Amino acid sequence: MGSKLEGPSAPAVRRDPYEVLSVSRDSTDQEIKTAYRKLALKYHPDKNASNPEASELFKEVAYSYNILSDPEKRRQYDSAGFEALDSDSMDMEIDLSNLGTVNTMFAALFSKLGVPIKTTVSANVLEEALNGTVTVRPLPVGTSVSGKVDKQCAHFFGVTINEEQAQAGIVVRVTSSSQSKFKLLYFEQDANGGYGLALQEDSEKTGKVTSAGMYFLHFQVYRMDSTLNALAMAKDPEAAFFKRLEGLQPCEVSELKAGTHIFAVYGDNFFKTASYTIEALCAKSYEDTTEKLKDIEAQILRKRTELRQFETEYRKALARFQEVTNRYGQEKQCVYELLKQRDSIHCSFTVTKTANNSIISGSGSNMSNGSSSKIPNDDLKVESPGEDVSSEGKDKSSKKKWFNLNLKGSDKKSG
């Protein structure tokens, strides 16, 4: 049974994602990917312009794949259905540019779907690749090719490798010294003779260049998806650090077989062409570097696990810190008030204050607590500064006498 979805980024009625993709609950990632590809192609709005239902069906397929292609979302759905996703404050906004790293061939259809979907690879480019009508240039292993590609266009390259190179591992990298924005794409051979998008890497700025790479080295390598959990990061800036490594996504292809493989450089600049240099390398000449990459990938994965645990500790410590900070403010105010009251009480112990209060109240008695029979003016006269002045005069007289004596003594000595 379907359930209503309040957000605009998914179908009005949600069906079981497994049912939508026609796969079983124990289906592998590859089976889910294959099912999605077939259905997405079937309901592609460009192929169903006269069928208004195609767009909704395409949206439903993409929505379902968005859940099942993400291990965490799939686990949550399997455990408690859509409610588990909703309780995590996931609005399930479909971002086709982030459906893993595979089959993002329809990401430019945001306007046709009526939802704010981030545009990645042009639908025209992907359609031409699917139809097998693209021009493929050779890129021999151990060489590089430089060029300029127009915005929303792609240059395709064929990398042919032998058995030995396939066993050693292959690396394909693209760099741009002009810091152009681009995407490195990898295509798989389609059943109809065309090419289907399988992997996608966005360029990232590293130092004074932008670069992207794919590493087929016979062990699991990861790509960094910086947009993962972007909404959570926006709501909680501190989460940006803890969620940073959560963007590590395993690449679906870790090795290549002998034969020709299709790569492409896609111009991602908005206003101008993208300058690039693409190169294909055999890992046999980079054995030490390959081992270092394998080791650092393992370290990063361990660190991700450690950060998940540390985040829990940090959140508890932060909550405790806020608690004691609030307590500190309260205690500080309390001490201030107590000392203020104490000072006020001290000030109450004064004859002057009591006498003045008696005068103001019109009392006929000038006695203050029975401690004195003198009126305040008498006290003032007794404590007048006259004595101080005479005292100062005596001191001056003594000083003068002492001074004169010293002078006389000095005169005698000098005489």
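1. Basis. The model is predicted: local features need pLDDT of at least 70, side-chain atom pairs count only at pLDDT 80 or more, and totals for chains, interfaces and linings use all residues. Residues are numbered from 1 along each chain as its sequence is written, and side-chain values use heavy atoms, with hydrogens and water left out.

2. Aromatic pairs. Rings of Phe, Tyr and Trp (its six-membered ring) pair if their centres lie within 6.5 Å; planes under 30 degrees apart count as stacked, over 60 as edge-to-face and the rest as tilted. The count by this rule is ten aromatic pairs. In one of them, the ring centres of Tyr186 and Phe263 are 5.0 Å apart with planes at 40°, so this pair is tilted. Tyr186 sits in strand E7 (residues 182-189) and Phe263 in strand E13 (residues 259-267), so the pair ties together parts 77 residues apart in sequence. Strands (E, at least two residues) and helices (H or I, at least four) are DSSP runs, numbered from the N terminus.

3. Buried means under 20% relative accessible area, exposed over 50%, partly exposed in between (1.4 Å probe, protein chains only). Tyr186 is buried at 6%. Phe263 is buried at 1%. Phe263 also pairs with Phe216: centres 6.0 Å apart, planes at 65°, so the geometry is edge-to-face. Phe216 belongs to strand E10 (residues 209-216), so its pair with Phe263 in E13 ties together parts 47 residues apart in sequence. Tyr186, Phe216 and Phe263 form one aromatic cluster.

4. Nonpolar cores. A core here is a set of buried Ala, Val, Leu, Ile, Met, Phe, Trp, Tyr and Cys residues joined through side-chain atoms within 4.5 Å. The largest has 26 residues; Tyr186, Leu256, Phe263, Val265 and Ile278 have the most contacts inside it. Several strands each supply at least two of its residues, including E7, E10 and E13. Strand E14 gives the most, with five. Contact means heavy atoms within 4.5 Å. Not counting residues up to four places away in sequence, Leu256 touches Ile161, Ala166, Ile170, Tyr186, Phe216, His261 and Phe263. A second, separate core of 19 residues includes Ile32, Ala40, Val61 and Tyr65.

5. Helix H2. Buried residues of H2 are Ile32, Lys33, Ala35, Tyr36, Arg37, Leu39 and Ala40. They pack against helix H1 (17-21), helix H3 (53-68), helix H4 (71-80), E7 and E8.

6. The five-stranded sheet. Two strands pair if DSSP finds at least two bridges between them. An open sheet has the order E3-E5-E13-E7-E8, with mixed pairing. E3 (136-138) and E8 stand at the edges with a single partner strand each, so one side of each lacks a neighbour in the sheet. E7 and E8 run antiparallel and are joined by seven bridges. Leu185 has Gln200 in E8 as its bridge partner.

7. Strand E10. Six of the eight residues of E10 are buried. Seven bridges join E10 to E6, and the two run antiparallel. Ser176 stands opposite Thr210 in E10. Strand E9 (residues 204-206) also pairs with E10 in the antiparallel sense, over three bridges. Glu204 stands opposite Ser211 in E10. E9 and E10 form a hairpin with two residues between them; in the turn, Gly207 has a positive phi of about 70°.
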